[in-house]
Amino acid sequence: MKLGIWLPLFGGWLRNVDDEGMPVAFETVRRVATTADAAGFHTILVPELNLNDIKGPDEPCLEAWTTLAALVPLTKRIRWMAAVRPGFRLPAVVAKESANLDLISGGRFELNLVSAWWKEEMEMYAGEWMPHESRYKRSKEFLAVLQGLWSHERFSLEGEFYTLKNALLAPKPLQRTFLGTSGVPVYAGGESEEGRAWIASHCDGYLMHGDKEDSIAAAIADMDARRSRLELPRLSYGMAAYALCRSTEAEAQQELARITNVRASAKSQHSYTDFISQSHLRTSVSLEDYSVSNRGLRPGLVGTPKTLIERIRKYEDLGVEFLLLQASPMAEDIERLGNDVLPYV
């Protein structure tokens, strides 16, 4: 099992706690990134949102790609995964930026393609909102442009959303995709039928929200079967999780009660309704679930280091290859996890 982290561009991960001691500033994310790199973590996922999904849309947040580009040279080993939302960016430019970041990082760059769910944000920054099916169609075409430019000397496409004429991309990325061609690995998540079908046929890896063991096992079995039918190599599986590691179980449970107290703040409501209504989910999400990002509490990584190690091993047995962890306070918890958990999983 490999352990990665999310980069806290939003001032933390707790929707019911106003101040987590992680100000929205480059110095905050620099400290988190360099601490994770030094501790031996595997990946940093940089989420792309132009509004603050965690603390509320009126609060500040850092921009994903420029922040990542500034941080990559400050790290030595850790991999970087940038989320990208097709509604915000042109795919040919993203293909070029990705190739460049792969070269800058020495082959440590990956993409997380996100079809978008926040209607308010898309209307603000892209000027439009599409139904679920159209968003996935656009994502498919977006990825076709990326993979076409990475793998061909010249690439043309006449699509529903994008048109390219004899486009050139050079230099190419250092890495190769599951297709055996030049390109950076592309991960995506999705629980709808159309989302899973597309990911199985076109992506290198599948990212899952945090969930109970039976749900994760079923999701992996489903995606394995899809890849097998397509005669493609196995996907790489990652899962989001919130890590709450404390010296005693009592301390951990006390902290859990504090961060899931939905009465402490009304800010959880700001994007909850959009998330529920605009995402095709296979499971219900309560406000308590939503108090921590990405259903991070469902895997149960709450307790002493021993408890977390046991829980992580159970998910490894199910086929999860890496976890993308959130924590608060982030830099301090990365040091704790790096010392007390990472060496034993």
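**Exercise 1. Helix α7**

Against which elements do the buried residues of α7 pack?

*Solution.* The model is predicted: local features need pLDDT of at least 70, side-chain atom pairs count only at pLDDT 80 or more, and totals for chains, interfaces and linings use all residues. Residues are numbered from 1 along each chain as its sequence is written, and side-chain values use heavy atoms, with hydrogens and water left out.

Step 1. Check the length. Helix α7 covers residues 213–230, 18 residues in total; at 1.5 Å a residue it should span 26 Å, and its end C-alpha atoms are 26 Å apart, which agrees. The expected span is 1.5 Å times one less than the number of residues. Helices (H or I, at least four residues) and strands (E, at least two) are DSSP runs, numbered from the N terminus.

Step 2. List the buried residues. They are Ile216, Ala219, Ile220, Met223, Arg226 and Arg227. Buried means under 20% relative accessible area, exposed over 50%, and partly exposed in between (1.4 Å probe, protein chains only).

Step 3. Look down the axis. The buried residues of α7 fall within an arc of 125 degrees, so they line one face of the helix. The arc is that of the directions from the helix axis to the C-beta atoms. An α-helix has 3.6 residues a turn, so residues three or four places apart point the same way.

Step 4. Name the partners. The buried residues of α7 pack against α6 (193–202), β8 (205–208), β9 and α11 (305–318). Contact means heavy atoms within 4.5 Å.

Step 5. Turn to the other face. Away from the buried side, α7 carries the exposed residues Asp214, Ser228 and Arg229.

Step 6. Step past the end. Glu231 follows α7. Glu231 is not a glycine, yet its phi is positive, about 55 degrees. Glu231 sits in the loop between α7 and β9, and is exposed, with a relative accessible area of 74%.

**Exercise 2. Strand β12**

Which strands pair with β12? Describe its cover and its partners.

*Solution.* Step 1. Strand β12 (residues 322–326) is mostly covered, with five of its five residues buried. Phe322, Leu324 and Gln326 point one way, and Leu323 and Leu325 the other way.

Step 1. Find the partners. Strand β1 (residues 2–6) runs parallel to β12, joined by four bridges. Strand β9 (residues 236–242) also pairs with β12 in the parallel sense, over five bridges. Pairing requires at least two DSSP bridges between two strands.

Step 2. Ile5 stands opposite Leu325, and Met239 opposite Leu323.

Step 3. Leave the strand. Pro329 lies in the loop between β12 and α12 (330–340). The peptide bond from Ser328 to Pro329 is cis, with omega near 0 degrees.
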